[in-house]
Structure formats: C-alpha cells, structure tokens
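Subject: Structure for your review

Dear colleague,

My notes on it follow directly after.

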Amino acid sequence: MAFNLTRRKFLQSASLAAVALPLSDAIASETGIEPSPFEPKGTVKDETVVGGVCEMCFWRCQLVGKKRGDRLVKLEGNPHSIDNGSSICARGNAGVQLLYDPDRLKYPLKNVGERGNPKWKRISWEEALDECGSKLKAIEEKYGAHGISVFPHGSSAKYPMHFFERTVGTHNVSEASFFQCRGIRDTAYLATIGMAPGEYVDMPNAKVIFLLGGHFGENIHVSHIKQYIKGLQNGAKLVVVDPRYSASAAKSDIWVQIKPGTDTAFLLAIMNYLISNNKHNAEFIDEYGDGFDEFKEGITDWTLEKAAKECEIPAEQIKEVAELLAANAPNVSIHPGRHVSWYGNDFQRQRALACLTGVLGAFFVKGGWVPAKTPKVGKTSWAKKEHDDEFNLNMDEEEEPLFPYSPPGTPTELIRDTALSGKPYPIKGCVIWGQNPIQTIPGQEKMKDVLRQMDFVMCVDVMPTDITMWADILLPEASYLERYDLIKTGTQWDFADSHQQYIAPRIPLAEPMFERRDQVYITNEIAKRMGYESDIPVQSNKELVEKDLLVAGLTLEQIIKEGGIHIQKGQDPYTVPEDFEVIFYNEDIEDAGFPGIPTYQPVEQPPKGYARLLYGRVPVHTFNRTQNNVWLNKSMPENPVWINDAVATALGLKDGDMVGFINQDGVKSRTKTTVKTTPGIRKDSVYMAHGYGSANPLMSVGVNAGVDDTSLISKITVDPETGAHGMRNNFIQLIKDDKILAIPASV
Amino acid sequence: MQYGMIIDLERCVGCHACTIACKAEWEVPVEYNRNWVYRMGPSLVGEEMASTYYPGLCNHCSDPVCVPECPADTIEMTFTHAKTGETTTLEVAATWKDPFDGTVQIDKSRCIGCGACADACPYNARYINPDQTDDVSDDGKADKCTYCKPRVEAGETPACVQTCITGARIFGDLDDPESEVSKYVKKGAVGIEVNGGNLGPNSRYYGKKKDMDLLMATHTPELADMGQVRRRAMLASLMKPAVKKVKGLGLLGLVGALAVKGFCNEDSEK
C-alpha cells in the first residue's frame, strides 16, 4: 500500500515531528521534561474552537474542533448541542482526514485532455473564472438560459443553484437529494397530509417503530439514531420490513422478509385488515380524514392472503404486524423513509405509508409522526426573477406537467433526454456542484453521453470524484470546516424533554489551505462575468450567515460567545394544526391520470439466472463522498456482496471469494469485491453497499476499492408521478474466475 | 479500584464512531487500531437469525498475560491513588497493571518494541506502532488502549465513550457497587474469557442472548503459545542492550516537550 508512506508523512503526528528536531534545540529548550516523548498527548489540553457544523453527511451535527497550533487535530460533538450532544459518528470523527486529504483539490484546473480522460493544467482563479463566465454566457446567449443544466448537492450548492435557477433562469436543475433520493417521499406526503414529512417520527416515545427498508446502524444520522435507540430502550417493539436481515432487522421483534418491490401490497393488506376488523382510528379519521370511504372501498381486494402471496411472506405475519400496530395505536412511528427511489412504483408506496399513519391516527401524537417546531432564520439568496414555463421540460404543450408530483427542479431523465436529442432545445452547459452524477444517477453511459455533447462542463468539489473527470474547468471548494455556511436549526431530540430550539450557523474551524474558495466567492465572480453583478445578494459567505441570523435577532459574535449554538425556549409539538387533513383518496392525483387511492404496481422480476441488485449504506460512508478518507476506507475497505448461503453453496462460492458482476444489459463491473454468504438475504436478491469503486485515479485511496453499484444500474426506471428514479430494477449475475455464474431459480 | 468498560450491544448500532474517535485522539497510525468493531452475521444461532457487533478493545485484564512477558529491564515505579493519595512502589518492566486503577499501561520510553506483549495478548489488543521509534527501538513501540487514562485523569470520559452515539459504551469502576458498570455486571454483562483461561477481562458485554451467543461463539480466543512468545522476547532483549535503552532518555523527553512547538512551526511555513 504505497499511499501509506506518503500519508504518514502528511499526517505526521506531533511526536513524529519531534523526532525530526535537532537535538541541540531540545537541549536548549527550557520547557519541562515529558516522561515519554512517544505517547501522544491526547486532545484534552488542545485549544477548543466552536461553531462547526458537520457535513460528512447531511444531518449536520454540531461540532467543536480541537486545535494544536494551526492544525485541527480532532472533531467532537459540541457539548452545548441539544441535537447530537458530544457524540458524532465515524464520518464526523474522520472529518479531519477530509480536511487534510492530500488528494483534495487544491487549485483551479483546466482540462487540456478530453472529458472522461482528463489532463489537468493548473490555472489561476482569474483564468478559471473568466473561462466559466464566458463559456456559460456564450451558451446563455446562443441557446437561452435553459441551455444550462445544473447538478447540485449539499449546502454549498444552494447559492449557485439559486443563481442559475432564479437569476439566469434555467429550470434544468436536478438535485440528487430529490430525484435520486427523497423527493418522492416529500411529494407523496404533500399530496396526502400537505407537508413533507422529513424523518419526524417521535421514536423515543413510541410503542411500535415501523421501518420499511430503513436500516439504521448501516445508515447513521446521530440524533435520529439516538431517537431510535431511546425508543427501543423504552420498550418500543420494532418491525422491520426488508428483503435482507439489515442492522435494524437484527434489533427487530418482527422481521418481514418481503419480496422486493411488493411493499405497497403489504401496506394495503395491513390497512384493509385494520379497517375491515374495525381496528382503525375512526375518531381521528372522522375529524381529519378526506376521501376515506373511497379509499376503504378501493383497497378491499387486499386480503392478507393475496398480499401474502404477492409479498412471499406468511399471511399470519402480516396479521401479526397489523395487530401489533392496532394494539399500540396511535403511539406508533410509521417511518416515512429517506432514500425512497427504489422501484419506480414509489410514489404510491409513500402515499400508502402516509395513509397507514392516518388509519392509525398516528399524526401529532406521542410516538407518532410529529414535526419539530424549529426556529426561523433567514434564507438569503438570489432573488427570484420572472421566468415563465415556456422552457420547462416538465410542461407539455397544454401547460400540464408531465410529472405532476415532481419535486422542485426538473426530472433528471427529462434533462438528459433533451440534452441527447436536442429536442425541444439543446442543453449545452453543465454546472456540477458537489454532486457526483456518475455515481448517483442510474445509466452511467447515458450520463457520459450527456456530458460529451456539452459545449462546457464545470465542476466544483472538494475531492476529485468520478464526475470531476468530465469537467473542462474544475474548481477547488473550501470544505464545510473552512467556510461560513448554512444555519442548522432544530429542537431537542427527545420530545419528552423540556422543549428547546437551537440555531447553529456553520462557522469555520480552520482556514482554507492552498487556493480553495467558498461558494459565494465563486458564484459571484461567475455572475459578474455573466453580467449579473447588480443581482448579487451578498458579498461573502459570512455576510450571508449574518443576514440570515439577523432574522432570528442573532449575530455571529453572540453565537460564538454562546459556544457556537444559540439555544432558546421551544414549543410543544403535539398539537394538530387546525387545517390538518389526511387525504386518503386524492382526486387531484386521479385527475392527473394516476391512481387516487394508493395502488400496488408490480415491478419487473429478475430474468432467469439473475438476481435483483439491492443496495444500501454502511455507517462509515456517505455515498461516494467519503470513499477516499483513509480512516473510513480502512474501516470498511470494500463492499462485500451479500448472497444467500444456499445460493452461494449451489454456485460453489464461499466467504471471501472475489467476484465481479454482469447485469441484464451485459454491463460488467470494472472491479471485483468479496462474497459474504448469509442466510440473511432472499435467494432472488443480492446486496451491496452503495458508493464504492471510484474510477478516478486521483482518489488514491478510494480508486477501485470495491464495486460501483451504480455502474450496474443501467436500466432506467422512472416513477410515473414524480419523474424521480427507481434504482432497484436491475439484475445481475456473478463472475468468478472469468466464468459467469447464473443464479439458480430454486435451491 | 478496577476500571472497566461495558459495551451494551442492545444499544450499539455498529457505527464505528468509537474506533475513529480513538484514532484521532491518540494519533493511531492508519493501519492500526486501539479498538475495533467487527460485525457478525447475519447467521443462524440455533433456530434464530442473529447479527451483532464485537466492539473490542484492551480488556485491562485482572490477570493480564501480556504484562509478565515484557523483557525490558525493570525499574521501581511509585504509583499514587488518584483519590486517596496513597502510594505504593512496585518493580515493573515496560508494561504493568496499575495497582490502584487496575488499568494496564505501557512506558513507551522503556519499551524495546519486541512485540512479546502483543503476541501474548489473546485479544490482539496490542500492536507495535512503527511511528514511535527511538534509540531503544527502531521497530516502534507497543501501543494499545489505555482506557484513555490521560483523559480520565483530566476528568473526561474516554474518547470512545464520549463520542458513542447511543450511549452503548459505559466506563467506570467495577469495584464500586453503585457504579453504572457494576449495575451492568449484576444484570449479566460478561467479558470474553479465553478458552480454558482465567484472565478476568474487564471490558464486558451485555446483550440479547442470541447476540451474546453469537459473540462468544465467534470471538472466544485461545491463549497464545507462550513458549514462542518468550523465545522471541528473549532474542529481542539480547539484541537491544540495556545501556542503549537508557541512553538519550532525558534528551528525548525534551524533544517531546518541543513537539507541539516544532510541529506548529512546520505547519505555518506551508
């Protein structure tokens, strides 16, 4: 492992540096004698700097830094935090390794090779910004604002996204957090309860926690995990629905080993059983329900037996879950999920989850779905200019949306298909900010073709992720530890505790090194060069934060005095808003041409010899973003493929065997990974963690580590109501020693 | 007094925060760990499916097998009780069990880096840190979990306990019947005892029966072959003469004190 030597030098510890000192210096010193020069001193006596807000993932725990001289040596949870407290997860703890990662982008780079096979030349910021500004302006003038597409992700991407969307005026924005993650959840709940649900389940005070695919432990968001474990410690029963014996299944009271893609059938059967046995919350439904009778009528087909057959689980188990929920209603946490872009039938499933919560009356009650009452801060950004829908790809000729329940932005496939066909108009500019579309969006080759036909591609990132290989200009961004940025707000994590709110702006814990710059600088400089100087809303990240804090009557100075977090009195969240309703049957959805009652739509089954590819998370990585972090890489250096042990035996595979993959379209994995045999996964599916197998050689730690699951998701499924992706409809075979192993239909 | 740590597997979600916090706190080289988290399963335990974690660390055993194997020259060391101020003097090699707090510690200055202690430990809780070299040993120094003794003495919790996101790690005095850790022992928390041995591991685990069964079935270690350990230790001590061990000790101490200053200077020149 060649990188270790150079890394060790780079990450030299204090004691190592000492050994390199001339002895004479030491003798001349009048400082005291330490008994052991080799023993690291720990961080207790290091300077504490406050105000950090983590972004190793997007939960955004509040941090303090431990500083030795100019160097940040450790990150810890901010002890003032009422959210994560002094805890942070593995990724949060590993933030210093991102900060000082020698592979991080350092200078503006120009690609003097070709897209996808770059040769980088260091250029000045002036040159880089001139190039970005003039190329984007040329595209805007030639093709219109809609000729520019934007692929943003993360808090630093909001400001540039708003510039291109609101000021320049393109609709062609595809946020990964919506179209490849949680957008379907948000719009399905909006269409049911009028609110995006977040992950607002009052798990600490629940009697039952119900997870559909949620795999806490493999998926970590600190205060959410605190809620979950507190709930279990308080005696909540845990129901986990998952084809795989996930980390949560391992803590469950009932594990429903469901057939992939059939979740809606399962949910409908539970609701039908509850309603037909009079175990629903009639009082709640009377008061807040809308279209319940149509709904009730519409799901009567879904008997336990019918669902049992469809889901390949015992009818008795569906009944057991239904009874458990009924017996403990309304104090049950029906988790809305987070990443829900699964099978292309996801809007209906998410609607069904919201309806199940309503059937149980589990809104705004102890243990139910209860949104926290968070404090208000400003949202300073680019002003919205008037842009009509003429070039909105999601609007048809009659100005009706193609995907009426699309999350904000434009569905990714509409942007990509338009870029490739040039119809109805060309898309020739691409701004990628913090997102890695190569390893986020299904159809890698399609994405590459989209990028190839662009006149100009720019990327802004902290790491040389795979997408950066496709940039013409690549700009190094200040990380979350080096910039003022978003203000995290929230409440205490357990509603049983006294109600408090917090406001925590991101304050830098370290100075940016090399030539890294933050998003306000980069965006403003491009804006100036595109002729939008007079629209610039703020001059710096710091000013942005100050302005937003002012709305809450706060200043950065005061927040720092208060230890990085302002805490104020909160409000009881357990009151149902006056206009609250649960729309069981939604006429608008039906008018738009989709089922107005949550409806199960079967998904394609694996062809003979193939298994369905399922993916999920590991606790030490946030998708691909953290793959190059040495500490995290060493914790889980690859993503073993889970195979049912009986299937593995039939194929002659054992734990630790190296395998590659080929999918239904003949796409082969570039790399291999190890086999993990287990009885804890269905025979028709295999599973691997998402985000591994980077292709960029500049990621010297993450490159070729494990297998890139996204590369095997070449068949594209789009959820018809939302336009968001479904990513679990691809099927694979294993390759061992160059031999393709067909998955047996039955063993 | 006997410090101990409880790992509550009902709370543990296997997130690895403990291992990374430890790396940051104690500058553990990328390749090594003072603590670890292994995932077991999913596999069948009897008729039941189970999957759990082995978050391991030094057990600060009541009767440690590593301590007697240290071939370094012994010195007289005076220990002080943190609370009562009572002192006692013992003859110790470069690793010892503290008579007052029960932790097992290492004197890096006198460690000859032979690895005997690491070989002897059935839990693989020790490693030789190659970053820590001096005139006494260019192979590095033995390193392991100290139960964060410097942090604990400063009134803090161990780094892994502080960061643990679910409160699954509980640290305290096992000899104090009122302590949180003692309550867990009463509830059934047990150490992973070596097969056929009686080391008295003081890092203890608590969890559902099927999870504990899985943990014990997969991670109960055997005692090391002590004959081999001793031959290696003897050879190493012969090759590293005592006189060399003493040389430069004080000077290196001075260098250590300058560490932070020198380090900062180097950084600011960038």
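Leaving out residues up to four places away in sequence, B:Glu222 touches B:Pro122 and B:Asn195. With B:Asn195 there is also a polar contact between the two side chains, at 2.8 Å. Please bear in mind that the model is a predicted one. B:Glu222 itself sits in the loop that runs between helix H6 (209-219) and helix H7 (226-239) of chain B. B:Gly196 lies 26 residues from B:Glu222 along the chain, and their C-alpha atoms are separated by 7.8 Å.

As for chain B as a whole, it contains nine helices and 12 strands. It has 270 residues, of which 60% count as buried. Taking the contacts in chain B with a separation of 6 or more, 62% are accounted for by residues 24 or more positions apart.

In general, most peptide bonds are trans. In chain B, however, the bond joining B:Gly41 and B:Pro42 is cis, with omega about 5°, and B:Pro42 belongs to strand S2 (residues 36-45). In chain A, the bond from A:Lys423 to A:Pro424 is cis, with omega near 5°. A:Pro424 is located in the loop between helix H16 (412-421) and strand S12 (429-433) of chain A.

The backbone of chain A also deserves attention at two aspartates. As a general rule, most residues other than glycine have a negative phi. A:Asp737 is not a glycine, yet its phi is positive, at about 50°; A:Asp738, likewise not a glycine, has a positive phi of about 65°. A:Asp737 is found in the loop between S26 and strand S27 (739-741) of chain A, and A:Asp738 is also placed in the loop between S26 and S27. Are these residues buried or exposed? A:Asp737 has a relative accessible area of 60% and is therefore exposed. A:Asp738, at 75% relative accessibility, counts as exposed as well.

A:Arg728 is found in the loop between strand S25 (725-726) and strand S26 (731-736) of chain A. Apart from neighbours within four places in sequence, the residues in contact with A:Arg728 are A:His339, A:Trp342, A:Tyr343, A:Arg612, A:Leu613, A:Leu614 and A:Tyr615.

Two helices of chain A may also be of interest. Helix H13 (residues 304-311) and helix H14 (residues 315-328) pack at an angle of about 115°, and their axes are 8 Å apart. The crossing of H13(A) past H14(A) is right-handed. On the H13(A) side the contact is made by A:Leu304, A:Glu305, A:Ala307 and A:Ala308, and on the H14(A) side by A:Ala315, A:Ile318 and A:Lys319.

Finally, A:Pro79 is placed in the loop between strand S3 (71-77) and helix H4 (90-93) of chain A. At 61% relative accessibility, A:Pro79 counts as exposed. A:Pro79 and A:Ile184 are 105 residues apart in sequence, and their C-alpha atoms are 35 Å apart in space.

With kind regards

Notes:
Residues numbered from 1 in each chain as written. Chains lettered and ligands numbered in written order. Predicted model: local features only at pLDDT ≥ 70, side-chain atom pairs only at ≥ 80, totals over all residues. Heavy atoms only, no water. Helix = DSSP H or I, 4+ residues; strand = E, 2+ residues; numbered from the N terminus. Contact = heavy atoms within 4.5 Å. Axes fitted to C-alpha atoms, helices over the stretch in contact; angles between N-to-C directions. Left-handed = near helix turned anticlockwise from the far one by under 90°. Buried < 20%, exposed > 50% of the residue type's maximum accessible area, 1.4 Å probe, protein only. Polar contact = N/O pair within 3.5 Å; in protein donor to acceptor, adjacent residues only side chain to side chain.
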